[in-house]
Amino acid sequence: MKAKKIVSLVLSAAVLAAAGAPADVSAASKAGEYRAYSDILDEYKNAYEDAINQKYDELGEIVNPEFFQTFIYDSSAVPIYRIVDLDGDGNDELLIGAKPEGINQADLYALYTFSSGKAVCVRDSFGYRAGLLDLRKGNVIANYWSDSAFESGISYYNYEAGELKEIITIKVTFSESAEEVYTKSENGKQSKSSGDEFNATIKKYGLRSSAKYFLLDEAACDALESGNKRYSGQKTYTLTTGASMPSKVKINDVSDNNTEDAAGLRFSWSKNKYATGYQYRCKLFEDSQDYDVKGYTKKLFADIHFQDRGTVTFQVRAYTTDSYGVKVYGKWTTVTYSS
């Protein structure tokens with residue numbers, strides 16, 4: 001199909017040239033794309049200005065509310081966009097987002113493509129608490145979403161021919177006892193999942209993608225309306241999407257931490273540069289099939305207490321927090337202590 005399309009464009013250009021019309025059809029087509037995207041970006045620019053000026057009742061119909069709320073909570077953030085051919089079909093896509101203050105990260109809220117002479121929204125909302133779109137390497141788009149305070153998840157899609165095709169979705173639900181219950185959707189089938197599979201999925205698709213984004217302002221809209229992709233001197237940002245996978249934690253000390261009622265150990269580790277916190281777990285009995293102690297901490301140590309001193313297996317790993325609060329974990333570090 002792509003080969004036929006290319007031949008058709010070449011023939012059309014030849015016919016137009018013979019008739020005295022402009023031969024550069026691709027340039028004219030791009031100009032049409034830019035003008036269509038100018039209208040969309042103008043709505044988002046107005047939403048940004050309304051948020052900064054606290055005009056809460058003037059949100060345009062096409063604007064993702066999450067984009068608007070970003071600037072309500074962070075007035076130092078700036079609106080950004082990127083125009084790029086994501087799937088190599090000759091049509092440029094439009095990505096719209098925000099750059100938080102002090103962070104070289106693109107938080108994306110809307111994706112548009114150009115079809116049948118107009119801008120078409122591919123996706124700008126995924127339900128309640130619409131979430132963020134993260135552009136990853138290999139045309140993979142990640143979406144962080146939340147249906148409620150008790151249910152959230154991450155979905156990965158391939159982008160092709162103006163459509164997002166789901167690769168996998170993993171959902172995390174918190175039970176009444178605050179236990180994390182994982183389920184996944186893959187190839188149209190629902191099944192149980194786990195925290196380890198959740199982390200492995202993020203590791204597989206959670207590659208950072210770095211690219212240049214343009215500042216969204218009045219001059220940008222004017223340039224696009226004139227058929228130009230950008231204007232001279234326009235501010236650009238080299239930004240990434242997705243969180244870094246933290247490195248393994250280094251355990252540097254195991255010491256006694258006894259109390260009057262129980263024996264205890266303190267496991268200490270070195271600070272991880274990119275970590276926002278640490279998860280740990282501990283097996284207190286050599287023949288235990290599961291971990292008896294589990295927890296999270298922002299400290300660089302964990303105190304474990306038990307009645308009978310024996311062989312203790314302790315594990316810790318660092319995590320960073322991705323764009324929408326999803327934890328991205330590093331590998332476990334394991335130490336076994338016997339006494």
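Okay, one definition before we start: a charge sits over a ring if NZ of Lys or CZ of Arg is within 6 Å of the ring centre and within 35 degrees of the ring normal. Keep in mind that what you see here is a predicted model.

So, where does that turn up? The charged end of Arg82 is over the ring of Tyr213, at 5.9 Å from the ring's centre. Arg266 does it too, with its charged end 3.9 Å from the centre of the Phe301 ring.

Now let's look at strand β14, residues 263–269. Is it mostly covered or mostly open? Mostly covered: 6 of its 7 residues are buried. On one side we have β13, residues 251–256, pairing with β14 antiparallel over 5 bridges. A hairpin of 6 residues links the two, and Asp253 has Ser268 of β14 as its bridge partner. Then there's β17, residues 301–306, also antiparallel to β14, with 6 bridges. Here Leu265 faces Ile304 of β17.

On to the aromatics. How many aromatic pairs does the structure hold? There are 12. Take Tyr182 and Phe198: a tilted pair, 5.6 Å between centres and 45 degrees between planes. Tyr182 belongs to strand β9 and Phe198 to helix α4, so this pair ties together parts 16 residues apart in sequence. Both Tyr182 and Phe198 are buried.

Next, Trp269 and Tyr278: their ring centres are 5.6 Å apart with planes at 55 degrees, so that pair is tilted. Trp269 is buried, at 2% relative accessible area, and Tyr278 is buried as well, at 3%.

Last one: Tyr44, Tyr48, Phe67, Phe71 and Tyr109 make up one aromatic cluster. Thanks, everyone!

Notes. Residues are numbered from 1 along each chain as its sequence is written. This is a predicted model: local features need pLDDT of at least 70, side-chain atom pairs count only at pLDDT 80 or more; totals for chains, interfaces and linings use all residues. Side-chain values use heavy atoms; hydrogens and water are left out. Buried means under 20% relative accessible area, exposed over 50%, partly exposed in between (1.4 Å probe, protein chains only). Helices (H or I, at least four residues) and strands (E, at least two) are DSSP runs, numbered from the N terminus. Two strands pair if DSSP finds at least two bridges between them. Rings of Phe, Tyr and Trp (its six-membered ring) pair if their centres lie within 6.5 Å; planes under 30 degrees apart count as stacked, over 60 as edge-to-face and the rest as tilted.
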